[in-house]
Amino acid sequence: MTNPGTDLRPDWFEGIRINTPAVERRAATLPARRSLKKDHQAAWLLNAVRCIDLTTLAGDDTPDRVARLCAKARQPIAPELLQAVGVTGLTTGAVCVYPTMVAPAKRALGDSGIPVASVATGFPAGLMPLDLRLAEIRYAVDQGADEIDIVITRAHVLQANWIALYDELRAMREACGTARMKAILATGDLKSLENVACASHVAMQAGADWIKTSTGKEGVNATLAVSLVMCRTIRDHHARTGVKVGFKPAGGLRTAKDAISWQVLMAEELGRDWLAPDLFRIGASSLLGDIERQISHHVTGRYAASHRLAPA
Ligand SMILES: O=C[C@H](O)COP(=O)(O)O
């Protein structure tokens, strides 16, 4: 399902005020929430794996590196561990690469059904003429990308130019064709939580299928406070339109604890529907290692019985 979007509706967000200390207090409690029973941690970690956009976005990426990444996406956790917990067919949610790496990724993923996401629109800064940014989207789609992770023009947000932001996002949405679109807000560049909320609303109104925090290249990337604000705008958009928009935190997520904290956020703020890859992705280049270590610990300790591994 794709988000059809709406007309630009500034009245949904203009004048929005955010109580930053309250947001930060609430975000700080999330990693320790009891809503996630310890007994079920392995299942939550396995769920995180299926929601990962396994990413390589480095200047020295090669088709060989991308092929290795795709092999990991197809088999993210050692088969003997999965066997021990009675899980089969686990893959990551997608792989995420630069546009010139889409074709090698498609080849390496074959008939696995794992989607290829491509960044586009002059990632990470987005400071290119719009026609070139749109051409880059069309190139990535032509190469076989199933999902496009676009970056917004931060200046439009900083100048509160919502019409310009909406128009560029609409054009990007159209260039994506049948590919699904993730709108990267680069929240670390946006100066305030109010700006994050306004940009989130505009992106959803313009038809973004997911809103995504960061490129991984900003000084500050995904934080729980920013994610909380974005999730509440998703909730608001859903209440107004009935459309469920997904969320993708990205940048700096490296630990199993991070994977759990963000899932608690999704479960508590948006509900269980937002714990599936259609509505939740974790953008990460180096999160799998720690998750696999923790699952290994669970398997070789007291979590080996598969009946204990269904999500709580
Ligand atoms: O979209 C994904 C990010 O670029 C990944 O950032 P990371 O390398 O900090 O995990």
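**View A. Packing around helix α8 in the predicted model.** The buried residues of α8 pack against α6 (130-142), β4 (147-151), α7 (154-158), β5 (180-184) and α9 (193-205). The model shown here and in the other views is predicted. Helix α8 covers residues 162-176, 15 residues in total. From first C-alpha to last it reaches 21 Å, close to the 21 Å expected at 1.5 Å a residue. Its buried residues include Trp 162, Leu 165, Tyr 166, Leu 169 and Met 172. Charged side chains are also on the list: Glu 168 and Arg 173 are buried. Ala 175 and Cys 176 are buried too. Just after the helix, Gly 177 takes a positive phi of about 60°.

**View B. Ala 160, in the loop between α7 and α8.** Phi of Ala 160 is near 55°. That is a positive value in a residue other than glycine.

**View C. Ala 186, in the loop between β5 and α9.** Ala 186 is not a glycine, yet its phi is positive, about 55°. Is Ala 186 buried or exposed? It counts as buried, because 27 C-beta neighbours lie inside 10 Å and the cut-off for burial is 20 or more.

**View D. The cis peptide bond between Phe 123 and Pro 124.** Omega of this bond is about 5°. Pro 124 lies in the loop between β3 (116-120) and α6.

**View E. The crossing of α1 and α10.** Helix α1 (residues 20-29) packs on α10 at an angle of about 105°, and the two axes are 8 Å apart. The two helices are therefore roughly perpendicular to each other, since angles of 65 to 115 degrees fall in that class. From α1, the contact uses Val 23, Glu 24, Arg 26 and Ala 27. From α10, it uses Leu 224, Ala 225, Leu 228 and Val 229. By class, this contact has six nonpolar residues, two charged and no polar.

**View F. Ile 18, in the segment before α1.** Ile 18 has 17 other C-beta atoms within 10 Å and is therefore partly exposed. Leaving aside neighbours within four places in sequence, Ile 18 is in contact with Val 23, Leu 193, Glu 194, Ala 197 and Val 229. Val 23 and Val 229 also take part in the contact of α1 with α10. Ser 192 is 174 residues from Ile 18 in sequence, but 9.2 Å away in space, C-alpha to C-alpha.

View G. Helix α11 spans residues 256-269. Its end C-alpha atoms are 20 Å apart, which agrees with the 20 Å that 14 residues should span at 1.5 Å a residue. How many of the 14 residues of α11 are buried? Eleven are, so α11 is largely enclosed by the rest of the structure. Gly 271 follows α11, and its phi is positive, near 100°.

**View H. Trp 210, in strand β6.** Trp 210 is buried, with 26 other C-beta atoms within 10 Å. Beyond its neighbours within four places in sequence, Trp 210 is in contact with Lys 182, Val 245, Gly 246, Phe 247, Lys 248 and Arg 281. Arg 154 is 56 residues away in sequence and 18 Å away in space, C-alpha to C-alpha.

**View I. Thr 223, in the loop between β6 (210-212) and α10 (224-241).** Thr 223 has 18 other C-beta atoms within 10 Å and so is partly exposed. Thr 223 and Gly 252 are 29 residues apart in sequence. In space, their C-alpha atoms are 8.9 Å apart.

**View J. The shell around the ligand.** Which of the 13 residues around the ligand come nearest? They are Gly 216, Ala 250, Gly 283, Ala 284 and Ser 285. The shell divides into five nonpolar residues, eight polar and no charged.

Notes:
Residues numbered from 1 in each chain as written. Predicted model: local features only at pLDDT ≥ 70, side-chain atom pairs only at ≥ 80, totals over all residues. Helix = DSSP H or I, 4+ residues; strand = E, 2+ residues; numbered from the N terminus. Buried ≥ 20, exposed ≤ 12 C-beta atoms within 10 Å, placed from the backbone. Near = placed C-beta within 6 Å. Expected span 1.5 Å × (residues − 1). Contact = placed C-beta atoms within 7 Å. Axes fitted to C-alpha atoms, helices over the stretch in contact; angles between N-to-C directions. Parallel < 35°, antiparallel > 145°, perpendicular 65-115°, else oblique.
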